[in-house]
Amino acid sequence: MVLGTAVAALASLLPAGRAGATQVTGVPVGRSPSSLAVNSLTGSVYVGCEGDGTVCVLDRAGVLRAVVPVGSTVSGVAVNQVTGRVYASNRRAGTVTVFEGATGRVLSTIAAGPGAAALAVDETTDTVYVASDASGAVTVLDGVAGSFANLVLGEAAALGGICVDPGRRLAYCTSVDSARVEVLDLHTARFTGSIPVGRSPAGVALHRLSNTVYVANSGIHHLSVLDGSTRTETETILLGSAASAVAVHQGTATVYANGGANGLVRIDGSRGERTGELPLGINPGAVAVDQHTRVVYATDPVHDSVCVVRDF
């Protein structure tokens with residue numbers, strides 16, 4: 001691990017969006033940050049930087065604390081909040097690097113197949129699922145052993161995002177080219193159905209209590225809302241721009257997406273209505289939310305930084 005010098009936060013109070021005054025702090029990270037994961041138990045934020053093959057670690061105060069080199073291109077990052085282990089996928093090499101979230105010590109590098117991209121962790125079984133944007137397959141990794149466990153072949157040519165429902169033993173994978181979400185049964189390790197959504201679906205997130213799935217459609221200006229029980233699209237929410245990332249705060253059913261007009265949009269998931277918009281002056285990339293503090297994080301790949309958003 002290469003310890004990063006604590007970088008002074010670039011605090012700036014941006015103009016109020018329709019959500020009201022919000023504090024936004026910019027934190028410099030590595031080149032081309034493209035993925036995010038938050039450990040809400042520790043407050044640590046892990047930023048995958050595609051341009052220099054590193055994962056930058058921020059603390060709950062939004063200060064850069066460490067930089068972990070993981071090699072080549074970082075295409076996705078995920079964290080197991082129970083074990084504290086962090087997983088970083090490498091699309092070009094077809095691998096996943098595992099390191100300790102607290103120390104940055106690299107534990108292993110696992111072969112995960114071509115196009116290893118989006119990641120999701122089932123913390124109840126300590127299993128990691130890696131969606132391929134090259135083959136449409138999902139590679140299953142054993143988090144305990146830090147090794148390859150299984151390969152689930154799919155019908156989609158490419159997968160753009162993945163999220164896990166551990167209680168119902170399901171995973172939802174966005175199929176970029178076919179405009180649908182593929183449903184993976186984690187118990188049988190088989191795809192068991194698909195749900196039509198909008199054009200070029202990318203990011204996907206789940207509100208567990210209501211069994212509602214949110215899909216960011218990067219090819220059209222709306223967010224798809226799916227009923228996990230019936231496996232149908234129940235509504236679409238019009239956005240200011242096409243969105244590629246979405247995150248859900250589980251306690252309040254608040255949904256955040258990068259589909260605002262040059263910024264973020266906030267949605268009341270219980271009502272299916274937009275309740276706020278925050279201009280950031282850029283088109284943000286990945287979006288994540290701390291389940292404890294409700295602080296929202298969004299990558300800014302243009303300025304090689306992460307926006308830390310409070311009170312939104």
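**Surface, sheets and cysteines**

Analyst: Phe148, Leu151 and Leu153 make a nonpolar surface patch of about 330 Å². Patch members have over 30% relative accessible area and no salt bridge; like charges are joined within 9 Å, nonpolar side chains (Val, Leu, Ile, Met, Phe, Trp, Tyr) within 5 Å. Areas come from the Shrake-Rupley method with a 1.4 Å probe, and for residues only the protein chains shown count as cover. A salt bridge is a side-chain nitrogen of Lys or Arg within 4 Å of a carboxyl oxygen of Asp or Glu.

User: What kind of model is it?

Analyst: This is a predicted model: local features need pLDDT of at least 70, side-chain atom pairs count only at pLDDT 80 or more, and totals for chains, interfaces and linings use all residues. Residues are numbered from 1 along each chain as its sequence is written, and side-chain values use heavy atoms, leaving out hydrogens and water.

User: Where does phenylalanine 148 sit?

Analyst: In strand β14, residues 147-152. Strands (E, at least two residues) are DSSP runs numbered from the N terminus. Phenylalanine 148 has a relative accessible area of 45%, so it counts as partly exposed. Buried is under 20%, exposed is over 50%, and partly exposed lies in between.

User: Switching to β11. Is that strand buried or exposed?

Analyst: Seven of the seven residues of β11 (116-122) are buried, so the strand is largely enclosed by the rest of the structure.

User: What does β11 run against?

Analyst: Strand β12, residues 127-132, antiparallel, through six bridges. Strands pair if DSSP finds at least two bridges between them. Aspartate 122 has threonine 127 in β12 as its bridge partner. Four residues lie between the strands of this hairpin, and aspartate 126 takes a positive phi near 55 degrees.

User: And the four-strand sheet, what's the order?

Analyst: β23-β24-β25-β26, open, with antiparallel pairing. The edges are β23 (246-249) and β26 (273-279), each pairing on one side only. β23 and β24 (254-260) share four bridges. Valine 248 has valine 255 in β24 as its bridge partner.

User: How many disulfides?

Analyst: Zero, searching the whole structure. A disulfide needs two cysteine sulfur atoms within 2.5 Å. For cysteine 49, the nearest cysteine sulfur is that of cysteine 56, 3.9 Å away.

User: Is cysteine 49 buried or exposed?

Analyst: Buried, with a relative accessible area of 0%.

User: What about cysteine 307?

Analyst: Cysteine 307 is in no disulfide either; the nearest cysteine sulfur, that of cysteine 49, is 13 Å away. Cysteine 307 is buried, with a relative accessible area of 9%.

Methods
Buried < 20%, exposed > 50% of the residue type's maximum accessible area, 1.4 Å probe, protein only.
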